[in-house]
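Subject: Structure handover

Hello,

Here is the structure for you to look at. Notes on what was found in it follow.

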Amino acid sequence: LFKLNPLLVISQFEFGGIFEWHIRKYFSIEIGGGVNGFNSNAEGFTVRTGLRFYSKSGMYFNPVCFYRHIIYNNRQYQWNRDGQLSDILETQPLFDFSGTDFYYKETATENKQVLGMQILFGHELLLFKKMSIDIYTGLGFRNKYRVKEIVYYYSHAGNISSNYFPPKKEIVKGFLPTIQAGLRIGIACKLKKHLPE
């Protein structure tokens, strides 16, 4: 089968899919990935691989691992009042500040690498004999490693610019547990007899 996850296109701007190959009637391997980007001057790729263990009813157990590498060019950041990073170093929206507003903003090139593993449980249905609908949920984790090269910075306090000198290079590491849920749409090369019609 070839499967597409439409939610990844929306959330990660990942354009690609995954191939599933059945070695046995109730066991398969999958490999795939995609190209990330086309938004916020980002470019990169994702690689995925996993195993699937099916039951006769179409339920499955699916351990998956993936690697994602993305480079953001000239990305904008907003900092908090105390000069610390906002949230978990994600891009913040820039608004029009005035009066007593106190903020920092900077432009940087960010190199982000993510290694993740997840354990999924789901159910797969066959429609029109060649199309599969795959609904899943599960738990996992992501280990993020980020290197940020600052190319421009600016500070402002009540319409008065002030000196602000952040480090030219920052390395941020993070470990995040995740809850997964979603769906995949697949096209089968031939009828999968173990799937309920």
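**Lys-112 and its surroundings**

Leaving aside residues up to four places away in sequence, Lys-112 touches Arg-68, His-69, Ile-70, Tyr-72, Tyr-145 and Arg-146, where contact means heavy atoms within 4.5 Å.

This is a predicted model, in which local features need pLDDT of at least 70, side-chain atom pairs count only at pLDDT 80 or more, and totals for chains, interfaces and linings use all residues. Residues are numbered from 1 along each chain as its sequence is written, and side-chain values use heavy atoms, with hydrogens and water left out.

Lys-112 is part of strand E6, residues 102–127 (strands are DSSP runs of E, at least two residues, numbered from the N terminus). Lys-112 counts as buried because its relative accessibility is 8% (buried means under 20% relative accessible area, with a 1.4 Å probe and protein chains only).

**Cavities**

The structure has two cavities of 30 Å³ or more. A cavity is a set of points, on a 1 Å grid over the protein atoms alone, where a 1.4 Å probe fits but cannot get out. The largest cavity has a volume of about 120 Å³, volume being the space filled by probe spheres set on the points.

Among the residues that line the largest cavity are Lys-3, Glu-14, Arg-48 and Arg-184 (lining residues have an atom within 4 Å of a point). Strands E1 (2–4) and E2 (14–24) each supply at least two lining residues, and E2 gives the most, with four.

Regards

Terms used
1 Å grid on protein atoms, 1.4 Å probe; cavity = no way out; pocket = protein on both sides within 12 Å on 5 of 7 lines; lining within 4 Å. Buried < 20%, exposed > 50% of the residue type's maximum accessible area, 1.4 Å probe, protein only.
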